[in-house]
Amino acid sequence: MDGSTTGGQTLGPVVAGADGSDHAARAVLWAADEADVRQQSLTIVHAIGLDQALSLAYDNSRAVLSRARTILDEATTQVSLLHPDLPVSTVVTREEPAESLLEAAGANGTIVVGSRGLGGFSALLVGSTGLRTAARASGPVIVVRDIANTTERTVMVAVRDDRDRNALRFAARTASLRKASLLVVSVWMFLQNVGSMATMVDNPSAVAQSEAEATTHLVSPIRKEFPDLAIAEETMRAVSVPGALVKAAEHADLLVLGARRPTHPISSPLGRVTHAVLHHTPCPLAVVPRI
């Protein structure tokens with residue numbers, strides 16, 4: 001397969017992590033759907049973990065490798081039942097999960113993982129290795145926490161400024177390929193109780209209009225790039241940005257966020273908003289590197 005080109009750009013191959021858990025199984029099937037609509041290949045990876053592999057005796061090591069092959073065979077069988085013509089390859093690696101996924105994805109692949117895992121992917125908990133993988137990846141990382149139960153066929157993307165162009169374009173390409181609509185959401189906060197020392201020059205209606213105009217300006221090139229794509233814009237005021245995004249994503253099939261790298265080393269790998277949304281999103285979440 002040569003891959004699907006939409007809006008002048010090609011979506012790369014898809015890589016999924018598998019460990020035999022239900023979370024990973026859902027992620028693998030989601031990844032297979034994505035690879036199929038892209039007309040790309042799917043690679044399923046099982047990572048044993050270097051420390052574990054080195055500490056095992058020979059007989060135990062053989063058992064672990066055999067179990068890994070069984071997990072991958074079962075995952076491949078499930079994929080082939082739904083996508084019999086999809087090219088699927090499998091990889092067993094002794095490296096740690098994040099390194100294994102990043103290596104398999106390369107420069108332009110998309111990584112898909114479950115929100116929790118077992119065995120070699122036991123560290124792929126919400127906010128742990130999954131987030132660190134997304135922080136280091138050069139391409140999108142999709143965390144399948146839940147599968148959206150919706151018939152609306154909507155891809156939702158959250159934007160704030162021009163640095164979210166990558167996330168917006170990825171969301172548009174994905175929506176176009178899936179024959180879904182695109183919902184572009186911008187959430188802004190207005191300080192209601194700022195104290196007596198703050199000047200109240202702005203007002204909510206003026207800020208709302210400015211935010212809406214900025215969103216329209218950001219989306220305008222996407223409308224030209226994807227003329228057949230149904231695009232809606234929504235600008236909302238909220239006291240909690242993560243809360244507003246989670247609520248808005250209740251009827252979405254996929255939520256897309258730009259990856260905001262933290263400025264302080266003690267911060268979570270992808271920032272407060274992404275971390276909070278990942279814990280509560282009702283649908284799969286795609287984290288895309290910002291410009």
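**Reading the model**

Modeller: In helix α4 (residues 97-105), the buried residues are Pro 97, Ala 98, Ser 100, Leu 101, Leu 102 and Ala 105. An α-helix has 3.6 residues a turn, so residues three or four places apart point the same way. After α4 comes Gly 106, with a positive phi near 65°. Keep in mind throughout that this is a predicted model.

Colleague: What are the overall figures for the protein chain, in helices and strands?

Modeller: The protein chain has nine helices and twelve strands. It is 291 residues long, and 47% of them count as buried. For contacts between residues at least 6 apart in sequence, 79% join residues at least 24 apart.

Colleague: How do I read the nonpolar core, and which residues have the most contacts inside the largest one?

Modeller: The general idea comes first. In soluble globular proteins, nonpolar side chains tend to be buried together. Here the largest nonpolar core has 43 residues, and those with the most contacts inside it are Leu 42, Val 157, Leu 168, Leu 182 and Val 256. Helix α6 (residues 165-177) supplies the largest share of this core, seven residues. Another core, of 32 residues, lies apart from it and includes Ala 137, Ala 158, Val 185 and Val 277.

Colleague: What does Leu 182 touch, leaving aside its neighbours within four places in sequence?

Modeller: Leu 182 is in contact with Val 155, Val 157, Leu 168, Ala 171, Ala 172, Ala 175, Leu 229, Ala 230, Ile 231 and Ala 232.

Colleague: How is a pair of helices described, and at what angle do α6 and α7 cross?

Modeller: Two packed helices are described by the angle between their axes and the distance between the axes. The axes of α6 and helix α7 (residues 204-225) come within 11 Å and cross at roughly 30°. Their crossing is right-handed. On the α6 side the contact involves Arg 165, Leu 168, Arg 169 and Ala 172, which meet Leu 218, Val 219, Ile 222 and Glu 225 in α7. By type, the residues of this contact are five nonpolar, no polar and three charged.

Colleague: Now single residues. Is Trp 188 buried or exposed?

Modeller: Trp 188 counts as buried because its relative accessible area is 4%, and the cut-off for buried is under 20%. Trp 188 lies in strand β9 (residues 181-188). Not counting residues up to four places away in sequence, Trp 188 touches Pro 204, Val 207, Ala 208, Glu 211, Thr 235, Met 236, Arg 237 and Ala 238.

Colleague: What does Val 187 touch, not counting residues up to four places away in sequence?

Modeller: Val 187 touches Arg 160, Met 236, Ala 238, Val 241, Ala 244 and Leu 245. Val 187 lies in strand β9 and, at 4% relative accessibility, counts as buried. Val 187 and Thr 235 are 48 residues apart in sequence and 5.9 Å apart in space, C-alpha to C-alpha.

Colleague: Where is His 83, and is His 83 buried or exposed?

Modeller: His 83 sits in the loop between α3 (58-82) and β5 (88-93). With a relative accessible area of 12%, His 83 is buried. Its contacts, not counting residues up to four places away in sequence, are Ala 32, Asp 33 and Asp 36.

Colleague: Backbone angles next. What is the phi of Gln 39, and what is the phi of Lys 179?

Modeller: Gln 39 is not a glycine, yet has a positive phi of about 60°. Gln 39 lies in the loop between α1 (22-38) and β4 (42-47) and is partly exposed, with a relative accessible area of 45%. Lys 179, also not a glycine, has a positive phi of about 55°. Its place is in the loop between α6 and β9. Lys 179 counts as exposed because its relative accessibility is 70%, and the cut-off for exposed is over 50%.

Methods: Residues are numbered from 1 along each chain as its sequence is written. This is a predicted model: local features need pLDDT of at least 70, side-chain atom pairs count only at pLDDT 80 or more; totals for chains, interfaces and linings use all residues. Side-chain values use heavy atoms; hydrogens and water are left out. A nonpolar core is a set of buried Ala, Val, Leu, Ile, Met, Phe, Trp, Tyr and Cys residues joined through side-chain atoms within 4.5 Å. Buried means under 20% relative accessible area, exposed over 50%, partly exposed in between (1.4 Å probe, protein chains only). Helices (H or I, at least four residues) and strands (E, at least two) are DSSP runs, numbered from the N terminus. Contact means heavy atoms within 4.5 Å. Axes are lines fitted to C-alpha atoms, for helices over the stretch in contact, and angles run from 0 to 180 degrees between N-to-C directions. A crossing is left-handed if the near helix is turned anticlockwise from the far one by less than a right angle, and right-handed if clockwise. Ala, Val, Leu, Ile, Met, Phe, Trp, Tyr, Cys and Pro count as nonpolar, Asp, Glu, Lys and Arg as charged, and the others, Gly among them, as polar.
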